[in-house]
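Me: I would like to go through the aromatic rings of a protein model with you. Could we take the residues one at a time?
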Amino acid sequence: MQRGRRKPDWLKSRPPSGSRFTEIKSTLRDHDLHTVCEEANCPNMGECWSGNDGPGTATFMLMGDRCSRGCNFCDVETGGMEPLDPDEPANVADAVAEIGLDYVVLTSVDRDDLADGGSAHFAETIRAIKRRDPEVLVETLIPDFGGDPEAVRRIIDAEPDVIAHNVETVERLQWPVRDRRANYEQSLSVLDQVDRESDIHTKTSLMLGVGEYDHEVYRTLGDLREVGVDVVTFGQYLQPSRSHLDVFEYVHPDVFETWRRVAEEEFEFLYCASGAIVRSSYKAGELFVEALLREERSAEDARRRARAAGGD
Ligand code: SF4
């Protein structure tokens with residue numbers, strides 16, 4: 001565990017490069033689209049976009065690049081939101097097809113200024129991608145829509161493959177880490193609703209290094225499993241600027257590895273991506289597909305055993 005602000009070596013990453021990276025960037029500009037990858041200057045952009053030996057992943061940020069909220073860990077601009085672009089759903093579907101992505105993550109700023117929080121626009125973007133190519137896997141990282149179940153239901157009804165919503169940190173630190181309009185119970189209720197109303201896989205993310213204690217992280221894992229969350233990721237909080245929340249500590253890679261094992265072996269999450277540079281949608285495609293295959297294999301094993309035992 002390291003205190004203080006000098007970034008340890010394990011957080012150093014190479015800037016993204018290569019023809020695939022440049023190609024994707026120009027396609028995004030052609031379609032006037034935003035990605036969280038670029039907005040947050042994510043260290044994993046090169047790796048995720050290229051997709052190594054699995055599906056390439058990119059995270060599109062819908063509904064503009066200005067948010068109605070101001071979380072103290074987030075680098076997205078607050079206030080001054082623009083009206084929604086009615087062409088955005090089709091533009092995203094076109095860009096996905098042009099880039100040839102197999103796995104797409106859709107996220108958005110919060111739009112508390114809109115009556116439905118932007119949920120209809122978000123749902124239409126899912127549908128536009130699936131209409132274009134039903135084989136493309138779509139993961140959605142949704143806001144809490146102010147806890148409005150109707151808004152969450154619009155996303156469920158659009159049938160994405162994964163619905164993620166981030167609790168971001170442990171209950172005690174919701175404020176000052178997150179905007180006061182967000183809270184632990186509200187975020188759990190969003191994840192719980194998806195689990196109760198559908199078979200869609202659910203996912204959430206926590207930042208470490210904002211002052212949480214181990215027993216709080218452990219309890220959070222229990223709360224998440226209680227509302228049926230399948231996938232959890234852990235990443236290091238990095239301060240976007242001096243005006244944002246201080247980094248309390250740089251968590252050692254061994255600690256991330258411990259949490260991965262606890263999440264998968266003790267709490268039986270479908271999978272847990274855990275590491276200092278891991279972000280919500282880090283290699284989301286590869287890991288999800290891998291986990292699904294693992295899930296199917298163990299279901300097939302169970303069926304085979306049942307048959308062997310003379311069951312159905
Ligand atoms: S809700 Fe918070 S974390 Fe999400 S984009 Fe807005 S300020 Fe950032």
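Me: Is Tyr218 buried, partly exposed or exposed?
Reply: In this predicted model, Tyr218 is partly exposed, because its relative accessible area is 38%. Buried means under 20%, exposed over 50%, and partly exposed in between, with a 1.4 Å probe and protein chains only.
Me: And Phe267, buried or exposed?
Reply: Phe267 is buried, at 15% relative accessible area.
Me: How many aromatic pairs are there in the whole structure?
Reply: The search finds 2 aromatic pairs. In the pair of Tyr218 and Phe267, the ring centres are 5.0 Å apart and the planes stand at 65°, so the pair is edge-to-face. Rings of Phe, Tyr and Trp (its six-membered ring) pair if their centres lie within 6.5 Å; planes under 30 degrees apart count as stacked, over 60 as edge-to-face and the rest as tilted.
Me: What about Phe234 and Trp259, how are their planes arranged?
Reply: That pair is tilted, with 6.1 Å centre to centre and 35° between the planes. Phe234 is buried at 0% relative accessible area, and Trp259 is also buried, at 7%.
Me: New topic: which residue lies over the face of Trp175?
Reply: Arg180 does, at 4.0 Å from the ring centre. A charge sits over a ring if NZ of Lys or CZ of Arg is within 6 Å of the ring centre and within 35 degrees of the ring normal.
Me: Which one lies over Phe269?
Reply: Arg225 lies over that face, 5.2 Å from the ring centre.
Me: What should I know about the numbering and the values?
Reply: Residues are numbered from 1 along each chain as its sequence is written, and side-chain values use heavy atoms, leaving out hydrogens and water. Local features need pLDDT of at least 70, side-chain atom pairs count only at pLDDT 80 or more, and totals for chains, interfaces and linings use all residues.
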